[in-house]
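Here are my notes on this model. Please read them with the structure open.

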Amino acid sequence: MAERCAVVGVGQTHHKAKREDVSIAGLVREAAKMALADADLTWTDIDAVVIGKAPDMFEGNMMPELYLAPALGAVGKPMFRVHTAGSVGGSTALVAAHLISSGIHRRVLTVAYEKQSDSDAMWALSVPQPFAAPLLAGAGGYFAPHIRAYMRRSGAPEYIGRMVAVKDRLNALRNPYAHLHLADIDMKMVEDSMMLWDPLRYLEACPSSDGAAAMVLSSEDAVSGHYPPAWVHGTAMRSEPTMFAGRDQVNPRAGRDCSADVYGQAGITNPREQIDVAEVYVPFSWYEPMWLENLGFCDLGDGWKLTEAGATAFDGDIPWNTSGGVLSSNPIGASGMLRFLEVAMQVRGQAGEHQIDGAKVALGQAYGGGSQFFSMWVVGSEKP
Amino acid sequence: MPESEALHASHRLEYPYSRSVGPVIGAFLTGLREGRLLGVRGAGGSVIVPPTEYDPTTGGDTGEMVEVGPGGVVESWAWVSHPLPKHPLPSPFAWALIRLDGADTALLHAVDSGGPDQLASGDRVTVRFRPAAERIGAMADIESFVPQGGAPR
């Protein structure tokens with residue numbers, strides 16, 4: 001039987017377009033120190049460090065973990081780097097959780113970051129290769145046709161995407177760490193923004209952010225911190241190739257299998273009933289209805305109806321992305337961890353203005369690459 | 001099967017990057033531009049040059065910036081008989097670990113001693129900066145180190 005694992009400390013930077021006042025080392029340390037303070041621990045209490053970020057090409061800094069050990073108090077300790085594209089922040093937390101649940105370590109610091117201002121990350125995603133059709137599109141251009149396919153399949157009206165864009169930015173107004181604080185956000189503002197990749201408008205896309213996230217995970221006998229622990233009830237990761245004949249890009253099998261696995265571990269048979277709050281990787285507005293279906297919160301084709309009915313709004317029955325989500329802050333490597341971190345904050349009751357009262361069970365999800373890497377965890381206020 | 005020629009294509013990959021270096025490395029690079037050598041006070045009071053943001057042994061915060069040099073001692077060195085275009089000097093030189101006066105760690109840089117028989121570990125050297133107008137806040141603002149006093153052995 002695996003050891004119980006708990007989140008006992010969380011930390012994050014204020015996510016911004018440019019953090020020119022700090023180096024990458026300074027950025028990750030800021031989040032890590034906050035997580036340690038929240039856990040009421042110091043560097044010496046930590047047994048191992050697990051760090052994640054998106055492709056090295058984003059900052060042109062190859063294997064940055066090699067020089068970040070002192071910044072993260074990892075000198076003389078095990079340190080692991082994780083990389084699974086945009087889902088990396090989630091899978092990094094999973095590796096850290098497994099070091100606890102396997103009984104190997106008692107306290108693990110896990111950190112993820114991106115410093116997008118050091119580079120032009122969008123183009124680093126679509127490297128032209130000899131003898132291959134150039135993508136030259138960035139992430140939005142890659143996902144837009146899948147969104148069109150979803151709209152055609154489900155018959156969803158055009159305004160659903162705009163509703164998600166508004167809803168997540170309204171949530172961000174509650175979160176002091178969110179990058180975007182658009183006080184006047186409304187459907188008209190989204191509709192008036194520039195068309196980037198049909199059907200995605202500028203305000204239906206995530207920003208480029210500098211930022212870091214950190215958590216301290218602990219075994220049951222080492223629980224500490226200023227808030228009650230968030231207990232890990234299930235962890236799962238699934239992968240599939242970017243392209244293969246017959247692949248369902250709209251509703252990827254890896255995502256469905258991943259959620260089935262994590263729900264099985266957490267004893268969830270009806271996600272909409274049993275999950276109080278979810279943080280799901282929605283970098284482009286339409287991925288909310290798409291993931292509602294992929295994650296089994298409704299039947300196929302019905303995801304947009306939940307969004308339209310306000311079910312995922314802050315006062316809905318299944319609030320999604322109470323932090324403001326990826327649509328409001330996107331330090332890519334950290335974005336997955338921020339989803340996992342937000343749900344830990346919710347079940348610990350430390351989310352302040354974006355706290356959902358009485359949240360007991362919560363789902364964090366991250367996806368990456370061409371919707372091909374999925375990582376998820378379910379956390380709860382009660383021991384599993 | 002008939003032999004066919006393998007496909008070839010040139011592929012040049014370039015991205016622009018920038019760096020936010022933070023307060024410690026930033027102060028060091030700014031010092032170079034001003035013609036000054038700066039280290040940082042580490043845990044336990046030692047002076048680390050080039051400075052690090054965090055103590056490399058304890059991971060603790062480093063402290064105040066400390067001016068070091070301009071002279072120092074060669075701890076060890078290796079002679080470069082045939083410099084390549086990207087090397088700091090066009091004529092033969094030594095790569096040397098130099099412990100600057102006031103520092104507890106050594107800095108790697110070039111020493112322009114004239115010949116391998118004119119350099120020994122333990123020798124004193126001093127910094128030779130590029131002219132102020134050419135300095136940009138980078139390690140190459142130091143053209144090289146030279147034997148102290150400039151006299152050959």
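1. Start with a helix on a sheet. This is a predicted model. In chain B, helix α1 (residues 22–33) lies across β1 and β3. The helix runs at about 155 degrees to β1(B).

2. Next, the sheet itself. Chain B has an open sheet of 3 strands, in the order β2-β1-β3. The pairing is antiparallel. At the edges are β2 (47–48) and β3 (65–68) of chain B, and each pairs on one side only.

3. Now one strand pair in detail. Strand β1 of chain B covers residues 37–41. β1(B) and β2(B) are joined by 2 bridges in the antiparallel sense. Which residue in β2(B) is the bridge partner of Val40(B)? That partner is Ile48(B).

4. Turn to a helix pair in chain A. Helix α3 (residues 88–101) and helix α12 (residues 332–348) of chain A have axes that come within 5 Å. The axes cross at roughly 60 degrees.

5. Who meets whom? From α3(A) come Val88(A), Gly89(A), Gly90(A), Thr92(A) and Ala93(A). They meet residues of α12(A), including Gly333(A), Ser335(A), Met337(A), Arg339(A) and Phe340(A). By class, this contact of α3(A) with α12(A) has 6 nonpolar, 6 polar and 1 charged residues.

6. Last, the contact between the chains. Chain A gives 21 residues and chain B gives 20 residues.

Notes: Residues are numbered from 1 along each chain as its sequence is written. Chains are lettered from A and ligands numbered from 1 in the order in which they are written. This is a predicted model: local features need pLDDT of at least 70, side-chain atom pairs count only at pLDDT 80 or more; totals for chains, interfaces and linings use all residues. Two residues are in contact if their C-beta atoms, placed from the backbone, lie within 7 Å. Axes are lines fitted to C-alpha atoms, for helices over the stretch in contact, and angles run from 0 to 180 degrees between N-to-C directions. Helices (H or I, at least four residues) and strands (E, at least two) are DSSP runs, numbered from the N terminus. Ala, Val, Leu, Ile, Met, Phe, Trp, Tyr, Cys and Pro count as nonpolar, Asp, Glu, Lys and Arg as charged, and the others, Gly among them, as polar. Two strands pair if DSSP finds at least two bridges between them.
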